[in-house]
Number of protein chains: 2
Amino acid sequence: MTGLSRLSLNQATTKRWGVREAAEGCARAGIPWIGLWRDKVAETGLEESASIVRETGLKVSSLCRGGMFPATTKRERLDRLDDNRRAVDEAATLGTDVLVLVCGAAPGRDLRAARDEVEEAIETLAPYADEAGINLGIEPLHPAFAADRSVVCTLGEANGIVRRVGSPRVGVVIDAYHVWWDADLYTEIGRASGSILGFHVDDWPRGGGDPLLSRGMMGDGVIGLRRMREAVEDAGYEGPVEVEIFNEAIWAKPGEEVLETMKRRYLEHVLGEVPAGGSA
Amino acid sequence: MTGLSRLSLNQATTKRWGVREAAEGCARAGIPWIGLWRDKVAETGLEESASIVRETGLKVSSLCRGGMFPATTKRERLDRLDDNRRAVDEAATLGTDVLVLVCGAAPGRDLRAARDEVEEAIETLAPYADEAGINLGIEPLHPAFAADRSVVCTLGEANGIVRRVGSPRVGVVIDAYHVWWDADLYTEIGRASGSILGFHVDDWPRGGGDPLLSRGMMGDGVIGLRRMREAVEDAGYEGPVEVEIFNEAIWAKPGEEVLETMKRRYLEHVLGEVPAGGSA
């Protein structure tokens, strides 16, 4: 199963599982990587979570999430920076070198000001992350989340921040669901060369619905995942590939079944290897 | 009420009304413009619809919608072009000079090919529209609709098509809901100067939900509408401003009430005039 050597379960995909269940599930399923979430880690305990992943022999691909920088008052902005420093420390304890940043929405109607706040906060956080040996991965979110979660809506914007901040510790995380629609995507993947810190796969099904919970399993939507994976590799990224799917129907299934489906779909739709016995 | 001289009801906002009810409602409310939809016009009849708007003294700001160009087979693509020619004729009969184009989604996973098909179709349609005296307004749709409705997701892409097609009959329609999140928006509004064929206002509320039905009334969301209106004017557009809101809660209200709210909100949030008696 060398085809799975880069596969990572982002634990958002198995929402009902805690850190232990997710880590043990991955170990049983032959999935070598796991992406953790801070709320799940807090439930289990930070040190306990770190020892669970060590015991199970997994590698931690990333910690989700820092960010959420813009705020109405200076006090709030400073509190959020403090929280991000704690997230950096947690990432180090968990043994990953990537903290994923979901940058936050504008508190009012001024997107330009919020984008400036995001950039300033990342600039402030970078030296702290550097001392801890942690990379900060700016994840552009789909524009459907611009009002609630992130003013950084395209890979082009994320690349712009990376260039201007100019720290080797600041890069981008590319999630297929968030960027697939972008006419400039392949240009911007090329431009991200050398600063790609993560690649997430999932799918965008047709038919609408709330984008927060409508993510599909790879193969259930319209995204050309294989081409995107090849472009990300051509840009020099050889790290783990996380499967991160927010979807009530997938959450309702037994975790083991989700991992098996995810493995088959990854091989078929991301790597482009048709598994023996046909497609799933 | 000169403040309302550019206001137009796009009849999608009052979905339960037919052409006659919408036109008479506008006339009573002192709204001088109306934007019509082909399905509503078909229900009432084309000639009948045309005489209703003449009788009520309204001006027709646009007809929605042409487009939906990409298709799996050549036969289907030709059928869709024919349908667009009929839409051009209908626009002429109704006395508007703008046909709004929602360009269509990719039938498969190849966005680039679908974008090329869209451009080719608009190029093919332009001379026909020119003979009929109709302008074709490419409306970029929010990327949330890329899988189902339009591969043209940004004003930048629409501007690119306009430049490459190079017909004075081809321009863009800017809808606040679709473009507000874009970091390049103001640059692209400037670039659209001279080819803006319509401006639609509405709002993006916080809190998520299905983007198809989550549009808000102006003032109920995060969009800086006044700034956007000023930029569109700076780019030379002085035409009607359509209010186009797809929202079950608004559809459930009496049409008269919707028109009154829409007038107040337009004055306050789009024009920036606080009406006597305070905000609504």
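These legends walk through several close-up views of a predicted model.

Residues are numbered from 1 along each chain as its sequence is written, while chains are lettered from A and ligands numbered from 1 in the order in which they are written. Because the model is predicted, local features need pLDDT of at least 70 and side-chain atom pairs count only at pLDDT 80 or more, whereas totals for chains, interfaces and linings use all residues; side-chain values use heavy atoms, with hydrogens and water left out.

**View 1. Chain A and chain B are related by a turn of 180°.** Chain A can be laid on chain B with an RMSD of 0.0 Å, with a shift of 0.0 Å along the axis. This is the relation of a two-fold axis. The superposition is by least squares on the C-alpha atoms of residues with pLDDT of at least 70 in both copies. Look for Asp210(A): of the residues of chain A, its C-alpha comes closest to the rotation axis, at 2.1 Å.

**View 2. The two chains meet through the same surface.** Here 33 residues of chain A are in contact with 34 residues of chain B, where contact means heavy atoms within 4.5 Å. The area buried between the chains is about 2,400 Å², and carbon and sulfur atoms give 53% of that area. Buried area is the accessible area (1.4 Å probe) that two parts lose on being put together, summed over both. In chain A, Arg109(A), Trp181(A) and Arg206(A) lose the most area to chain B, together 26% of what that side buries.

**View 3. Polar contacts cross the interface of chain A and chain B.** The rule finds 22 residue pairs in polar contact, both residues at pLDDT 80 or more. A polar contact is a pair of N or O atoms within 3.5 Å; within protein, one must be able to donate a hydrogen and the other to accept it, and residues adjacent in sequence count only if both atoms are side-chain atoms. Between chain A and chain B the count of salt bridges is zero; a salt bridge is a side-chain nitrogen of Lys or Arg within 4 Å of a carboxyl oxygen of Asp or Glu.

**View 4. Helix H6 (residues 155-165) of chain A is largely enclosed by the rest of the structure.** Nine of its 11 residues are buried, among them Leu155(A), Ile161(A) and Val165(A). Buried means under 20% relative accessible area, exposed over 50%, and partly exposed in between (1.4 Å probe, protein chains only). Helices (H or I, at least four residues) and strands (E, at least two) are DSSP runs, numbered from the N terminus. The cover over the buried residues includes helix H5 (111-132) and strand S6 (170-175) of chain A. Just after H6(A), Gly166(A) takes a positive phi of about 70°.

**View 5. A salt bridge joins Arg6(A) and Glu233(A).** Their closest N and O atoms are 2.6 Å apart. Arg6(A) lies in the segment before strand S1 (7-10) of chain A and Glu233(A) in helix H9 (residues 225-234) of chain A, so the pair ties together parts that are 227 residues apart in sequence. Arg6(A) counts as buried, at 17% relative accessibility, whereas Glu233(A) is partly exposed, at 28%.

**View 6. Arg38(B) makes a polar contact with Asp83(B).** The two side chains come to 3.1 Å. Arg38(B) lies in helix H2 (residues 38-44) of chain B and counts as buried, at 15% relative accessibility.
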